[in-house]
Amino acid sequence: MPSPILPISSHPSSSASAATTVVKAKIDADPSATILISSKFDPEKAIPITPVLPRASSYNSTSNVNNKIVSFANNHQQRFLRTSSDSSLALLADETPRQSISREVGHVAAETFYLSGLCLKLLSYLGVGYRWITRFLALGCYAMLLMPVAFYYFFSRQVRRSIIYGEKPRNRLDLYLPKTSQGTKPVVAFITGGAWIIGYKAWGSLLGQQLSERDIIVACIDYRNFPQGTISDMVEDASQGISFICNNISEYGGDPNRIYLMGQSAGAHIAACTLVNQAIKETGEGDSVSWSVSQIKAYLGLSGGIVPAFSYSIMEGEDSLHQFSPEVLVQDSNVKPAVSLLPPVILFHGTADYSIPADASQNFADTLRRVGGKAESILYDGKTHTDLFLQDPMRGGRDEMFEDVVAIIHGEDEAALAKDAVAPPRRRLVPEFMLKLAHDVSPF
C-alpha cells in the first residue's frame with residue numbers, strides 16, 4: 001500500500017492536466033517495491049509561512065563563527081581551488097604510485113569512518129529496535145551490492161572531492177569533471193537524497209560519472225542531516241552550495257550561464273524548497289543574496305516529495321510541514337510574484353515508486369502550471385524509487401531517464417546533441433543477478 005504523502009493540493013486532478021503528463025513506455029517488468037519506513041515524532045510549535053532564511057541576511061555571513069575555523073575554511077577553500085588549476089594537475093601527475101595509493105587509501109578510511117559515525121548517530125537517536133536493525137542490515141547489503149561505483153568515486157582523477165563551500169558542518173561538495181577541457185561545460189548542481197537523515201554527497205557518484213562522460217560538470221552538494229540539523233539548515237546549506245557553484249564554477253571550466261539544479265528523493269524536496277525560498281527572497285525589498293534563480297536554467301526533480309509521518313521533527317513540527325512544501329508555498333497569493341521568477345521545472349518519477357508515489361510530482365507540476373509557472377512531469381512505467389537512480393544506470397545500455405536529462409541540458413547545443421546521438425551504449429557495471437538482489441533487499 002503506498003505510503004501517505006503530504007496532501008499538497010486541494011484541487012482534483014483534471015483530465016486536462018493529466019494529459020499534459022508524459023508517460024514513458026515500460027522498459028522492464030513491473031518490479032515490486034517496499035515502503036519507506038516511518039516513525040512518529042512529537043510535533044513542535046508551528047511557524048508562519050515565511051522564507052526559510054531571514055530576508056535581511058546574506059548567505060556569505062560569517063557572524064558567530066570562530067576566527068580560527070574561518071581561517072581554516074578559507075585556507076582549505078583556496079587549496080581546493082588551486083587543485084583545479086593546470087599546475088596542480090601536473091603536481092598530481094608527478095605523484096609516485098605509492099604516494100597516490102597512500103593518499104587515496106587514507107581518504108577512503110576517513111570517509112568510511114565518517115559514514116559509520118553517521119549510522120551510529122542515527123541508531124542512537126532512533127533507538128535500536130528490530131525493525132531499524134533489519135533496515136540497516138538491508139541498507140548495508142544494498143550498498144555492498146553497488147560497491148563498483150565506490151572505486152570510481154575514491155580513485156578517479158576526474159573527481160574533486162570535499163571542496164569547501166561554507167563554514168558550517170558538512171559544507172562540502174564533490175565535482176565530477178569531463179576528461180576534455182575544451183570549451184566551457186554545462187553544470188548540474190545536484191542534491192542527493194537520503195530521507196533527510198542519511199544524505200551524503202557520494203550518493204551522487206554514479207550520476208556524476210555518467211553525466212561527466214557526456215561533457216557535463218556535476219557538483220554534488222553535501223548538507224547537514226537530521227538530527228544534526230532540520231529542514232531550515234538543509235535549505236541553508238543547499239543555498240550556500242548553489243551560491244558557490246554560481247560564483248566559482250568558471251574556475252573549473254563550467255559555464256555560469258548554463259547551470260541546472262537537480263535533486264533526488266529528499267534532495268529533490270530540499271532543492272525545490274531552496275529554489276522557491278530564493279525566489280521569495282528576491283521579491284523582497286533590500287534582500288542581500290549571493291545567487292539568483294535567474295542563474296538556474298531549469299530545475300530537474302527526481303522522485304521528490306514529503307513523507308509526513310516520517311518528517312515531523314525534521315520539518316520543525318507537524319503544523320510546519322506546509323511551510324516546507326513547495327507546492328503549498330506557490331499557492332500563497334503573497335508568493336505569486338516569486339512564482340514568475342522560477343525557471344522551468346521538470347519532474348521525473350517512476351509509477352511503481354511506493355516510497356514517494358508519483359502523484360507527488362504530478363500534483364506539484366499541475367499546481368505550478370495553474371499558478372502561472374512552467375512545469376512538466378515525466379513518468380516511467382513500472383520504475384521504483386531506486387530503479388531510475390541506481391539500478392537502471394548500473395545495468396548499462398540505454399537508460400531512458402538519463403537520455404531525457406541529457407537532452408534537456410544539451411537542448412540548445414546542436415553539436416552536443418549530435419555527439420549524444422552517436423554516443424556508445426553505457427557499459428554494464430554489475431551482473432544482472434546482483435541488481436535483482438539489490439532490488440529485493442533495498443530498504444527504499
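Helix H9 (residues 266-282) is largely enclosed by the rest of the structure, because 16 of its 17 residues are buried (under 20% relative accessible area with a 1.4 Å probe, protein chains only; exposed is over 50%, partly exposed in between). Keep in mind that this is a predicted model, where local features need pLDDT of at least 70, side-chain atom pairs count only at pLDDT 80 or more, and totals for chains, interfaces and linings use all residues. Residues are numbered from 1 along each chain as its sequence is written, and side-chain values use heavy atoms, with hydrogens and water left out. Helices (H or I, at least four residues) and strands (E, at least two) are DSSP runs, numbered from the N terminus.

**H9 and its packing against H8**

- From first C-alpha to last, H9 reaches 24 Å, close to the 24 Å expected at 1.5 Å a residue (that is, 1.5 Å times one less than the number of residues).
- The axes of H8 and H9 come within 9 Å and cross at roughly 75°; axes here are lines fitted to C-alpha atoms, for helices over the stretch in contact, with angles running from 0 to 180 degrees between N-to-C directions.
- On the H8 side, the contact (heavy atoms within 4.5 Å) is made by Ile231, Met234, Val235, Ala238, Ser239 and Ile242, and H9 brings His269, Ile270, Cys273, Thr274 and Gln278.
- Sorted by type, the residues of this contact are seven nonpolar, four polar and no charged (Ala, Val, Leu, Ile, Met, Phe, Trp, Tyr, Cys and Pro count as nonpolar, Asp, Glu, Lys and Arg as charged, and the others, Gly among them, as polar).

**Ser243 in H8**

- Ser243 sits in helix H8 (residues 231-248), and it counts as buried because its relative accessibility is 5%.
- Leaving aside neighbours within four places in sequence, Ser243 is in contact with Ser290 and Trp291.

**H7**

- Eight of the eight residues of H7 (residues 205-212) are buried, so this helix is largely enclosed by the rest of the structure too.
- Among those buried residues of H7 are Leu206, Leu207, Gly208 and Leu211.

**Strand E3 and its partners**

- E3 (residues 172-176) is mostly covered, with four of its five residues buried.
- E2 (residues 159-164) pairs with E3 in the antiparallel sense over four bridges (pairing takes at least two DSSP bridges between the strands), and Ile164 has Arg172 in E3 as its bridge partner.
- E3 also pairs with E5 (residues 217-221), in the antiparallel sense over four bridges, with Tyr176 opposite Val218 in E5.
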